[in-house]
Amino acid sequence: MDATSYDEFGNYIGPELASSSESEGEESDYEVETAAQAFGRGSAAQPNDSDEQSEHSQSGDENKGYGELTAMARRMDIAHTQIVLHEDKKYYPDAEEVFGPGVEALVQEEDTQPLTEPIVAPIKVRKFQVDQEEELPDTAYTKEFLVDLLGYPTMTRNLAVAGHLHHGKTALVDLLVASTHAWPDWDRAAPIATPTTKMSKPNDKAFGYTDVHQLERQRGVSLKAMPISLVAQDTKGKSYALNIMDAPGHVNFIDEVVASLRLADGLVLVVDAVEGVMTSTERIIQAAVRERLSITLVVNKVDRLILELKLPPADAYYKLKLTIEEVNSVVAACPLATPAMRLSPELGNVCFASASFGWCFSLQSFAKRYVDQWAMPVSPKELAKRLWGDVYYHPESRTFMRKRAEGGKEARRSFVHFVLEPIYKIFALVTGEDEPSLRPALEELGIYLRKSDYELSARSLLRRVLCHFFGAPTGFVDMCSVHVRSPVDNAVVKTEHLYTGSMDSEVALAMRNCSADGPLVISVVKQYPSSDASQFFVLGRIFSGTVTADQRVRVLGESYAPGDDEDMALATVSGAWLYCSRYKIPVSGLSAGSWVLLGGVDGSISKTATIFDMSVPEDDLAIIRPLQFAAESVIKIAVEPVVPTELPKMLSGLRKIGKTYPLAQTRVEESGEHIILGTGELYLDCIMHDLRCMYSEIEIKVADPVVSFRETVAETSALKVFGDSPNGKNRLTIIAEPMEQGIAEDIESGKVTLSWPARQVGQFFESNYNWDILAGRSIWAFGPGDNGPNMLSDDSLPGETDKTRLRTVRDAVRQGFQWAVREGPLCDEPVRNTRFRILSAELADSAIHRGGGQIIPAARRVCYSSFLTAEPRLMEPVNFVEIQAPAACVSAVYTVLGRRRGHVTHDAPKAGSPMYMIKALIPTIDSCGFETDLRTHTQGQAFCQQYFDHWQMVPGDPLDKDTVLRPLEPSSGQQLARDFMLKTRRRKGLSDDVSIDKFIDDPELREVVKSFQQ
Ligand SMILES: Nc1nc2c(ncn2[C@@H]2O[C@H](COP(=O)(O)OP(=O)(O)O)[C@@H](O)[C@H]2O)c(=O)[nH]1
Ligand SMILES: [Mg+2]
């Protein structure tokens, strides 16, 4: 055996080739090739002429790998002529040689992975949205047509469907979906009656095309505003693209309603024909008027008048009219409302519906039926005008008249005769007759049903008949197309109302024209998680320009201001879709006037944002105003992971909660507690569900809910309190006093702001609060923030104080004030309704001794000490409660309220319904669990909705040390203030008592203050 024919592993390699220098080169070439192939780098085997060349190429960058290979090949070549020590022998290439530099090879001697952890983790299917459709469903139109139609803003309508809880908003949207989508479940399911207890709706799978969150299904109540875009035809057969937002009705979720209104051009208000206008309906109307939207009305559940209340048609007319008038009176009471906003069926801005029975009509669409069926020689519009109000039809003369009786004969109201009676007849027919007599009657009406249809339950059959009778909801489309402005027509109003930048810029101009070719501006108001909650999509309205996938954009957050671009990020749009709740239609681009769902841009967005494309110069950037809520988050819970090491998971979950709940706030208290603030129990409950199940998947401990408090003063400071700066060279004297009633609310609602010129501010307080003009002008700041309900004013006298010098430290004093009012001295809660007046100031001569470091802490301490000498008090939030209950339960309602410090402000029967309406006030801290309590005491017959209404002073002096608090006993009356303060302080990790010594250095002053306090 020739040893040279074999390599060191014993593999046959053939006889050695000639050993001239040239052939040596060839040989190494050959080996390079095999080696390269062996290492999976076939491409590295380029023709190579000589050794030298390969030597050179070692230094070249792109040939580096190749050079390495050559070197190795040579090593291998030398290997069998050289003596290599055992420990230096290298049989296998190492990881770096195989996979390239930077690769680490891990050799684990023992199994370090715990047994509980699978070696190959199974793929977890996370799905938090029900009934998501993977493929696009069949629709009566093609998706391309919908997207094309959206390119014509005049043919688009953006609508927000809102109203009180369970008045049938989702059912109305379902009706529109059912008339345009293939949705077998809807046809199959029977319409169900309105349940008596509102939250216990049976789990009816077919309903709620827009209710896709798991909790929405379980509880039968919408929790998130969900959009859907579809094409629908009006009575003339003209197609419109409708972008519809189905907003939740529960008062806790008013934030979702506000977000929907921001996207829309018109409100479709849904009101239950039996329950009528409720307080939350009023709040929605006010919000819509504030957002400058057109308002249209759908009176839903008309079937309840017939089936439940069994009203005769003439009375049903009055009930419907009453409901419409109730809405009108609320609209008229809004400060910005105009007479043109009046709602009335003959104007075309009111529809009647019974969404669960599948119909919705306007007078025009009903009139068109008559005109078409009897070939009448009038236009439907003319006929419709005569179908409402005090117009009577005289069958003998076949005329409409304003007079009721003529020639001794009583005529019937035209609405009753032409609209209600036919509907009543169908109801009577279908519920009263059997198939043999029913079939010919229906066929006379042009309704041909299948044999199997007659075997359905009465309700399903009724719905099928009514669906056939009324057809598609063309009347609804008529109403929206005429009475809701198109995005183009509404662009000027929307831009002027919302855009914070200059109205003359090119961007503003494009927005006002709703121009598809202008610079891209999108207002993002909502974020939706993907169905496995791993990423977020943002939903926004395009104000101008066209958005396309892969576009590079600037995302401005809420705190962006010109010159402060910290809250600005660059992002690339990863995809654009039309969002239809259960499916998403991918689009290559969408232009001004539509709504769009974007991926890839949510990274920097916490609540709302404004998106610009890169073509807009930085000087022109300005944000679209953040959402303004009439509500406040006052209930708070503290959360903590059960396993402390899982804190980071919880924090990232909390961030996601902030993204998806517009009004939720999360923050960390000084004690390290993580706090979530929400508007109510249901709101917080949903947050906790999402946090635990969707966003963090860890166990979380929750503390009992508490409320936020406010600190305030009841009197003017008992004496002038002064305080020195740390270097002792500056002295400020400040007193605190309560503000007149109403000022705090005016500041908060923006009725007065310090961005006005001083003269205007002076005039405001002069005319509204009888201040002298100088007092108004001397206001230095509101706080906390720009519109906080406290005030700092400079009331020093020019004789006593060097005003010019004082003005130099104005900013520092302001900062001290802001700091003080953000966290008050009683229990670190914000201060409210307090005015701090600077009476005098002695300041150091040289500027260096009166810098911010000296003045800010001094100002803060003096604010505190003046506050503590002015009878400090605690304020608590109070909820407004609206309770609907049958008359028999009213006394039980009073009992439950009485036990929770609540009191009734209004109690009366609701006209035209068997219910009583009770309005009451209840402290928020006692309102947790109120709803459950009420249900148990009234056997589930009473239903309540409550929301934050105002701040109210807690009885008692929080600093009164004589108050005795017994552990484990509820405090009452005058003890409450101290009880609340101590508990809050303990929770926050503060010492039990507020010592005034901390804020006053001067021993004499301290003695005086103490003597005052005793
Ligand atoms: N009788 C009757 N019940 C209805 C009608 N529309 C909706 N409902 C019922 O009212 C309840 C609430 O409806 P839903 O659409 O979820 O209310 P939303 O809270 O306004 O979205 C459901 O049980 C529906 O079946 C209607 O026209 N007539
Ligand atoms: Mg709903």
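Predicted model: local features only at pLDDT ≥ 70, side-chain atom pairs only at ≥ 80, totals over all residues.

The crossing of α21 and α22 is right-handed.

Me: At what angle do the axes of helix α21 (residues 647-660) and helix α22 (residues 681-696) cross, and which class of packing does that make?
Reply: The axes of α21 and α22 come within 9 Å and cross at roughly 125°.

Me: What is the handedness of the crossing between helix α27 (residues 810-822) and helix α28 (residues 852-868)?
Reply: The axes of α27 and α28 are 7 Å apart and the two helices pack at an angle of about 45°, which makes them oblique to each other. The handedness of the crossing of α27 and α28 is right-handed.

Me: Which kind of aromatic pair do W359 and F361 form?
Reply: The structure holds 35 aromatic pairs, and W359 with F361 is one of them, with 5.7 Å from centre to centre and 20° between the planes. Planes under 30 degrees apart meet the cut-off for stacking, so the pair of W359 and F361 is stacked.

Me: Are W359 and F361 buried or exposed?
Reply: The cut-off for burial is a relative accessible area under 20%. W359 is at 1% relative accessibility, and F361 has a relative accessible area of 3%. Because both values fall under that cut-off, W359 and F361 count as buried.

Me: What class does the pair of F366 and F470 fall into?
Reply: The ring centres of F366 and F470 are 5.9 Å apart, with the planes at 55°. Stacking needs planes under 30 degrees apart and an edge-to-face pair needs over 60, so the pair of F366 and F470 is tilted.

Me: Which aromatic residue has R582 over its face, and which has K659?
Reply: R582 lies at 4.5 Å from the ring centre of Y209, over the face of that residue. K659 lies over the face of another ring, at 5.4 Å from its centre. For R582 the aromatic residue is Y209, and for K659 it is F536.

**The magnesium site and the backbone**

Me: Which residues coordinate the magnesium ion (ligand 2), and how many residues apart in sequence are the parts that they tie together?
Reply: The magnesium ion is coordinated by T170 through OG1 and by S222 through OG, at 1.9 to 2.0 Å. T170 lies in helix α6 (residues 169-180), whereas S222 lies in the loop between α8 (214-219) and β2 (226-233). T170 is buried, and S222 is buried as well. The pair T170 and S222 therefore ties together parts whose separation in sequence, in residues, is 52.

Me: K310 and S581 each have a positive phi; which of them is buried and which is exposed?
Reply: Phi is about 50° for K310, which is not a glycine, and near 60° for S581, also a residue other than glycine. K310 is found in the loop between α11 (302-307) and α12 (313-333), and S581 in the loop between β18 (575-580) and β19 (583-586). With relative accessible areas of 0% for S581 and 60% for K310, the buried residue is S581 and the exposed residue is K310.

Me: What is omega for the cis peptide bond that joins G783 and P784?
Reply: P784 has its place in the loop between β31 (779-783) and β32 (790-794). The peptide bond joining G783 to P784 is cis, and its omega is about -5°.

Terms used. Residues numbered from 1 in each chain as written. Chains lettered and ligands numbered in written order. Heavy atoms only, no water. Phe/Tyr/Trp six-rings, centres within 6.5 Å; stacked < 30°, edge-to-face > 60°. Buried < 20%, exposed > 50% of the residue type's maximum accessible area, 1.4 Å probe, protein only. Lys NZ or Arg CZ within 6 Å of the ring centre and 35° of its normal. Donors = N, O, S within 2.8 Å, 3.2 Å for Na, K, Ca; no water. Helix = DSSP H or I, 4+ residues; strand = E, 2+ residues; numbered from the N terminus. Axes fitted to C-alpha atoms, helices over the stretch in contact; angles between N-to-C directions. Left-handed = near helix turned anticlockwise from the far one by under 90°. Parallel < 35°, antiparallel > 145°, perpendicular 65-115°, else oblique.
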